[in-house]
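Here is a short report on one protein model.

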Amino acid sequence: MNLVSRVHETAVNQPGKVAYHFMGKDTSYAEFDQTVSMFATALQDLGVGKGDHVAFLLGNTPHFLISLYATMRIGATAIPVNPIYTPDEISYIIHNSDAKAVIALDLLLPLVEKAAGAFPTVEHYIICETVPDTAEKIAALPDAVKSKIRPFSQLIATGRPDLAPVNVDGNETAIILYTSGTTGRPKGAMLTHTNLYSNARDVAEYLNFTEEDRIIATLPVFHVFALTVVVNAPLLTGASILLMPKFSPSDIFSIAKEKGATVFAGVPTMYNFLYQLPNSDPNDFATLRLAISGGSSLPVALLHNFEEKFKVRISEGYGLSEASPVTCFNPLDRDRIPGSIGTNIVNVENKIVDEFGEQVPDGEVGELIVRGPNVMKGYYKMPEETEATIRDGWLYTGDMAKRDDNGYFYIVDRKKDLAIVGGYNVYPREVEEVLFAHQDIVEAAVIGIPDPDFGESILAFVVLKEGSTVDAENLERYCTERLAKYKVPKRFEFLSELPKNTTGKILRRSLKEHVSI
């Protein structure tokens, strides 16, 4: 059994069940499955087959869902790419991934035109129409470019609705997800059909997903968190996806109320925006049974404030691209511990080890390592990096963590984000938690910067509530009352907003670059 077979099974057994809702329109499992088949056969007619690589430059539209499941249906490998990456970033991934076809939104047509002759392996560019004049724009392109371009709708119209899913071995690569590249060039994590299916199945079981659930998908679906939690897990269980083209707090509340949403998944930044929205009505979230947080650590103060206002429990979890991604979640059948990423999900084992790979006692900080059927088979064309990351069957995450005696795990910080002040370890998250509890602070991020006396010192970036008169002296005094002296920020910088990537994760690298300017 794999994801494609499961969707096909639901389409046969419950053809009228809503697979996804987008921009006012419901699409049933039968319609989705048929469209997937038609696009899959059109890809085959173009010469795309088992083992070929297909890159996606797509956002939160049905084109992504159809492309993903059609690509997997013919045994090809999907390469989701963030469509707002720079041309250099996109170029690197398309080159490195050996893509045979690229599926892109029509908004990226100028980029496609420039790239049409730049990638030797790419034979076809498939353009997804979202605006009325796309066909005219394609027709106006030079013949050499136009010959490589196919409109998405035209291909579906020529496809066949009865293609059975191609048989694939569970260890064959279904998706290559490129990491964000915070420490250099992005690495392509090869996720197999077994990786994806097992993680979607185990997440669905752990979070009690059923066919009755209606799950808001506003996270970018090309990102691994969304891919498993709000796309694959719902489709595997026969649930309905409420697909949102972008994150908008007012739109989230509106669709939650209109469609009776039962699950919302977001990153901490999203929860902050929802909480801060003026005149938000807690009743709009009355049907939610669960809110899920991931992507980065959720400040405990925000968790409590959000839950008190909206009367819905937030369950925080943890994952990474190389693990498909989920390894931990706060359980729903017993205590949820604020600040914790929870316990092992079904079939996945987490462990905390020292620099020699030996397990440390509960309560001690070490590196989090993971094993299970969700762990990638390696990085594409990077055997040395694979060998360094996967050792004796364990995936070394690079995250510093600890475990309590009840089996709950806590992320302390990224190994590379650790600051050492006068020989003492300072984990940014600990300082950020204190700052976030301040009533006038909307957002906060902490980094270590060079210091001639102590090696490093702490710099805090903060975003204040509108109208606040808090200054650096106030915040230093506030932190001194709550933190050991070496953990207190030596400098504070006030920004209108913190730099973030498309998933809402704060970009510490950009903050460090800001300091150096």
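Of the 517 residues in this predicted model, 58% are buried. For a chain of 517 residues, a compact globule would have a radius of gyration near 24 Å. The protein has 23 Å, which agrees. The C-alpha trace spans about 70 × 50 × 45 Å along its principal axes. Secondary structure amounts to 17 helices and 27 strands. Among contacts with a separation of 6 or more, 67% link residues 24 or more positions apart.

**Helix packing**

Helix H3 (residues 62-73) takes part in two helix pairs described here. One partner is helix H1 (residues 3-13), and another is helix H10 (residues 224-237).

| Pair | Crossing angle | Axis distance |
|---|---|---|
| H1 and H3 | about 110° | 9 Å |
| H3 and H10 | roughly 65° | within 13 Å |

Start with H1 and H3. Angles of 65 to 115 degrees count as roughly perpendicular, and H1 and H3 are therefore roughly perpendicular to each other. Their crossing is left-handed. On the H1 side, the contact is made by Leu3, Val4, Val7 and His8. H3 contributes Tyr69, Met72 and Arg73. By class, this contact has 5 nonpolar, 1 polar and 1 charged residues.

Now take H3 and H10. This pair, too, is roughly perpendicular. H3 passes H10 in a right-handed crossing. From H3 come Phe64, Leu65, Leu68 and Tyr69. They meet Leu227, Val231, Asn232 and Leu235 in H10. The residues of this contact divide into 7 nonpolar, 1 polar and no charged.

**A buried loop residue**

Is Asn330 buried or exposed? Its relative accessibility is 0%, so Asn330 counts as buried. The residue sits in the loop between strand S15 (326-329) and strand S16 (343-344). Setting aside neighbours within four places in sequence, Asn330 contacts Asp335, Arg336, Ile337, Ser340, Ile341 and Gly342, among others. Its partners also include Tyr206, Ser315, Glu316 and Tyr408. Asn330 and Ile345 are 15 residues apart along the chain, and their C-alpha atoms are separated by 8.8 Å.

**Backbone exceptions**

Most residues other than glycine have a negative phi, and most peptide bonds are trans.

Which residues does the cis peptide bond join? The bond lies between Ser324 and Pro325, with omega about 0°. Pro325 is placed in the loop between strand S14 (314-319) and S15.

Asn208 has a positive phi of about 60°, although it is not a glycine. The loop between helix H9 (193-206) and strand S10 (214-217) holds Asn208. Its relative accessible area is 44%, so Asn208 is partly exposed.

Asp392 also has a positive phi, near 55°, and is not a glycine. Asp392 is found in the loop between strand S20 (390-391) and strand S21 (394-403). Exposed means over 50% relative accessible area. At 79% relative accessibility, Asp392 therefore counts as exposed.

How values were computed
Residues numbered from 1 in each chain as written. Predicted model: local features only at pLDDT ≥ 70, side-chain atom pairs only at ≥ 80, totals over all residues. Heavy atoms only, no water. Axes fitted to C-alpha atoms, helices over the stretch in contact; angles between N-to-C directions. Helix = DSSP H or I, 4+ residues; strand = E, 2+ residues; numbered from the N terminus. Parallel < 35°, antiparallel > 145°, perpendicular 65-115°, else oblique. Left-handed = near helix turned anticlockwise from the far one by under 90°. Contact = heavy atoms within 4.5 Å. Nonpolar A, V, L, I, M, F, W, Y, C, P; charged D, E, K, R; others polar. Rg over C-alpha atoms; globule rule 2.2 N^0.38 Å. Buried < 20%, exposed > 50% of the residue type's maximum accessible area, 1.4 Å probe, protein only.
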